[in-house]
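Here is a report on one protein model.

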Amino acid sequence: MAPQNRLIRLVGLTAVPLTVAAALSPTLATPVILILAIVMLVAAGDAAAAIGIFGGLSMSAPHGARLTRDVEGQITLVAIDSRGRDLRLRAVLALPPEISCPQADIDFRLKPQGGPSSAYAVWTCRPARRGRFALETCWVETPSPLGLWAMRKALPVHGEICVYPNLGAERRSAAALFLNRGGYGVHAQRQVGQGRDFEKLRAYIPGDSYADIHWKATAKRGRPVTKIYQIERTQEVYVLIDSSRLSGRAIALPGAERGDGVEDLGGTTNMLERFVTASLVLAMAAHRQGDLLGLATFTTQVDRFLRARGGRGHFRACRDTLLNVQPSAVTPDFGELFSFVRTRIRRRALLIILTNLDDPIIAEQFAHHVRVVSRQHLVLVSSLKNPDVAPLFEREAASVEDIYAGLGGHLQWRRLRELEAALRRRGISFHQLDNETLSAQLISQYMAVKQRQLL
């Protein structure tokens, strides 16, 4: 309960002049005391009448809030009064610090409707981080019957805010790859080869490879029979995202779409945020090509796993799975990851691993454990390129510190080249992708695999 301006003015217009009058004329002391007592009784009675004014009032989030990172959105709450009264309310929503709201309080009114009355309160806000946030409290204020007091109370909300990644900039960078022109991108490309999916059997024709002869059918029919294959139309693609400390490093934010549609450049994020955004854009591309996409996040173990499926419902499931993934301060265990993949993914699939292998010890562990799955699956390893890792004489040095920094970057660049060559000998592709075009490069690699029918 807080005093309102009306009460302050009432006290100022009565107590001050009457007290001065009683001081100047002692004969007026008794009437002044009576008048002041009446004012106090009126204020006390107004406060007593306001007790229980919030009875039957509740605040709730009808459908929750679904927002996009760095894009203005709205959070809507509904106020319901079971008594059907005429109430003027001022509400303040307790938002997490990751969500900024320029308008802290909102005034609205509940009007009688012959039953329970309701009204909507809408806050315009802008989230700065992806994730799932809880709405627990909403502070409401309403005046007393005479307007002398402001009654305040914290009402539970039990709502939730889901902030999804901003895919606007990523989709614009890969817009050409999404064009539907009868092929795998901007230009129509012809698929070659016979594929790996079995289609039917037919009689042997001179020139057929002996490797394609179905020996059991040949023995049963008494004449040579050849197996016919078809090009794979539906393939399984799994994106394995490293959510360990390696993905928690800060990196420049290439661009974010503001609420007015203007691209806002600048700012920083972490590698995991870029991996999550690129994975969702890749899921859109796989859906367009009719493939099945699966998802997994790992640290010291596989934390989340979605088996490869297709459809819009599965894309929403992938988006919800990655909604609350944050970097952990642990070192990834690639042995546990590849053991899990070997036991859970039986069919040959394309494994796209998003991690960072600039640590030589972790890179050695990765190269040792990846052999468990490299013979059964097609493995692509992608990491974000570090601008400081480059050959020694690629950039000019302005000072001695730049020379030492260039030497360190050159040694790290050489280790990564040696790792790339070692993985290539085992049939594993290792790529360092640009931060600005991460999604477009991932989609290009995926489409190149389909074009060459490497699965």
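## Charge

The protein carries 57 positive and 41 negative charges, and their mean positions are 9 Å apart. Lys and Arg count as positive, Asp and Glu as negative; His and the chain ends are left out. Each charge is placed at NZ of Lys, CZ of Arg, CG of Asp or CD of Glu.

## Basis of the model

This is a predicted model; local features need pLDDT of at least 70, side-chain atom pairs need pLDDT 80 or more, and totals for chains, interfaces and linings use all residues. Residues are numbered from 1 along each chain as its sequence is written, and side-chain values use heavy atoms, without hydrogens or water.

## Overall form

The radius of gyration, taken over C-alpha atoms, is 34 Å. A compact globule of 455 residues would have a value near 23 Å, by the rule of 2.2 Å times the number of residues to the power 0.38. The C-alpha trace spans about 130 × 70 × 40 Å along its principal axes.

There are 11 helices and 22 strands. These are DSSP runs (helices H or I, at least four residues; strands E, at least two), numbered from the N terminus. Of contacts (heavy atoms within 4.5 Å) with a separation of 6 or more, 72% join residues 24 or more positions apart.

The accessible surface is about 24000 Å², with 54% belonging to carbon and sulfur atoms. Areas come from the Shrake-Rupley method with a 1.4 Å probe; for residues, only the protein chains shown count as cover. Of the 455 residues, 43% count as buried. Buried means under 20% relative accessible area, exposed over 50%, and partly exposed in between.

## Nonpolar cores

A nonpolar core is a set of buried Ala, Val, Leu, Ile, Met, Phe, Trp, Tyr and Cys residues joined through side-chain atoms within 4.5 Å. The largest has 39 residues; I241, L293, L350 and I352 touch the most other members. β13 (236-242), α5 (271-288), β18 (292-298), β20 (350-354), β21 (378-384) and α11 (438-452) each supply at least two residues of this core. The most come from α5, with 12 residues.

Beyond four places in sequence, L350 touches E236, V237, Y238, L378, L380, Y446, V449 and L455. A second, separate core has 37 residues, including L67, L110, C125 and V163.

D70 is not a glycine, yet has a positive phi of about 65°. D70 lies in the loop between β3 (65-68) and β4 (73-81). D70 is buried, at 13% relative accessible area.

H158, also not a glycine, has a positive phi of about 60°. H158 sits in strand β10 (residues 149-164). H158 is exposed, at 71% relative accessibility.

Note on methods. Buried < 20%, exposed > 50% of the residue type's maximum accessible area, 1.4 Å probe, protein only.
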